[in-house]
Amino acid sequence: MTPTDPDSAEESRADDIDNVMPSSGHATVRVVGLGGSAGSIPALKTFFERMPADSGLAFVVVMHLSPEHVSTLPELLQRSTKMRVEQVTGTLTVQPDTVYVIPPRMALKAVDGQLQVEPITTDHGRHVAVDLFFRTLADTHGPRAAAIVLSGADGDGAVGIKRIKERGGLTIAQDPDEAEHPGMPRTSIATGMVDWSLGVAEMPQRVLDYFDLEHKIKLPPEDGPQPAATAKPPDSTDEAALRDVLTFLRTRTQRDFACYKRATILRRIARRMQVNGVADLHEYLQCLRMRPGEAGALLQDLLISVTNFFRDPECFAALEKEIPAIMAGKRHTDAVRVWVPGCATGEEAYAIAMLFTEHASAMDAPPAIQIFASDLDGDAIQAARDGIYPAAIAADVSEERLRRFFIKEHRGYRIRRELRETVLFALHDVLKDSPFSRVDLISCRNLLIYLNREAQQRVLETFHFALVPHGRLFLGSSESVDDGSPLFSVIDKKHRIFQQRPAPRGSVPVPSAPGALTLALESVPPVREGPVIASAALRPGFAPAPTEPRTSWGELHLRLLESIGPPSILVDSEHDIVHLSPSAGRFLQFTGGEPSRNLLRAVNPGLRIELRAALFQAAQTQAAVEVTVGPVDIAGQQVALTLRVVPVKDASADMFLVLLQEVAPGAAGAPQPARSEADPVARQLDRELERLKAHLRDTVEQYEASTEELKASNEELQAMNEELRSATEELETSRE
């Protein structure tokens, strides 16, 4: 159980949220949420020092506070701002020009223009406090919310940032190069949902400009004709500009939004205009044409590949009760088939796979489980195939399921292979591609709210065709099937679970344009000539603000240790360099060809044999090993060294610290100046070993790359096979 239900706000407002990005039903006060952990207090001080006291915004600070001490954070922030700073101890109504601070041992959430606190009973909940607040803030304030992720050592905030983006809010992350602990900003940026990566000093003015532009944006009315229609010329220049924007987007991305709600399209475009700082639709059209990445950013805003594990837990609990009926009568030679259209980054598909796997484990002869997960967003599909998620998913996944279905890694959690192999991911357009057929369950959550009425009906007809008789349909909390529908009957209206009504299978409408799979197969990925560097500084219009040089006490401490300690190098179990002290570089010697991070290949050749032996012995004995090396030519000087290899036992992976201590001539234990030549046989064996290891490494890399390509190709082929089977059934139905 989590300390508070992170989706409670969404569930309680399900009937009000009739669109992916609502414009009504939200509090009028604009709220900026700031989340951080270790090292974020200096950033908070800088932020509030530069934020005017009469901005009209409310600010909520959520941090990982120690439960063992009384928090002095309100007093610290009060010295940096003239706004009122208040710690939330009960239920408070949000007021502008006020800073609210989370108390220790509490989880904070936003509900109907108020802030509420709930006790945290475990330390586990404290490390997802930022995510919990961001998600409730998104569901209650929508486009009037902004989320800022500051310095922190974990991945908290990454899931909440996605919910803020989904609901139309602004998302910002501190520049990782500026953050004292870049873990939280980097994890948020890796989601692809961050609008700006900025230095803290630059954030206040950019936030103010963003919200000030909200009332200056000029757009056509939301109740006009469908913008993608081409039957008649536009009535106004704004309508013409809107049509030009969608035409340009369709040309650049091959995605057509003719079936999307007009209000959704306009609100998403308005958000991108605010992000780019333009108020006129014609200016934004120029942004699309002049800024290479803007078309992709607008496409991402329209698709919003956002989900999380077990979103709306009560609904998933109701679905879990239906699984025995779905699997009833299935033999071990049969298969349970599930289709998850609009799967985004895969969390929903994997969550359903967990539920079926748990039920199958209690059966004597369980059937096979096959889940088809599809989406329009190729990047989201690739992320789903990788199956790596931030540590913040602990807010949604129980500890038992984390142990059973995930592997803990330094980046977060990775889906175990057994569960991964039950899910097939594929690019697929539910409106254009042939559906997956003979499925027992379709889980389509938060997809229909994108579409207009006609497209929704067409999708429901497709689902009716794809389901077996009496198959289940699982919709999102804001979606439903019309009462008295001839296609589906109601099983659980509150939790949006419906059952297919057996009826003669009509033919599915013939696609009017190439589907997602066709476009994916026709497209050839461009060859990258060089490394792709993701940086906010490369974005058009981005001008990094000058920052004052600052040295933390930790950096000063490390510099002092370096000045009196020996040079050191930290390597992993493969002897690849992870980190090295500034003065250790003189012991490395790079030759021609591709540079390598492997220490044994980069170290001075005179130290290679002894270092290899010391590393091997340290790995075998798990104890420190020390060897003395005779005079070695280092930058033209003969230097005697003591090599010390120390296993790092406190790290999650096998690591070794290599210390290189110079030995003064004549000191006790110093080697003799005259150094005999090394055994030529040993030199030859060393070179042969290096060659074999390089060959083995290249072979393994080629094998892994080929395996990943084959897996992706196999999934695409299986998806095509399912479409062909469905098309055959459509043909048979038409013939009948």
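Reader: What kind of crossing does helix 10 make with helix 12?
Author: Helix 10 passes helix 12 in a right-handed crossing. A crossing is right-handed if the near helix is turned clockwise from the far one by less than a right angle, and left-handed if anticlockwise. This is a predicted model, where local features need pLDDT of at least 70, side-chain atom pairs count only at pLDDT 80 or more, and totals for chains, interfaces and linings use all residues. Residues are numbered from 1 along each chain as its sequence is written, and side-chain values use heavy atoms, with hydrogens and water left out.

Reader: At what angle do helix 10 and helix 12 pack?
Author: About 135 degrees, with the axes 9 Å apart. Axes are lines fitted to C-alpha atoms, for helices over the stretch in contact, and angles run from 0 to 180 degrees between N-to-C directions.

Reader: Which residues of helix 10 meet helix 12?
Author: Among them are Ile-265, Arg-268 and Ile-269. On the helix 12 side, the residues include Glu-294, Ala-297 and Leu-298. Contact means heavy atoms within 4.5 Å.

Reader: New topic. How many helices and strands are in the protein?
Author: There are 23 helices and 25 strands. Both are DSSP runs numbered from the N terminus: helices are H or I with at least four residues, strands are E with at least two.

Reader: Is Cys-343 buried or exposed?
Author: Cys-343 is buried, at 1% relative accessibility. Buried means under 20% relative accessible area, exposed over 50%, partly exposed in between (1.4 Å probe, protein chains only). Cys-287 is buried too, at 7%.

Reader: And how much of the protein counts as buried?
Author: Of its 736 residues, 50%.
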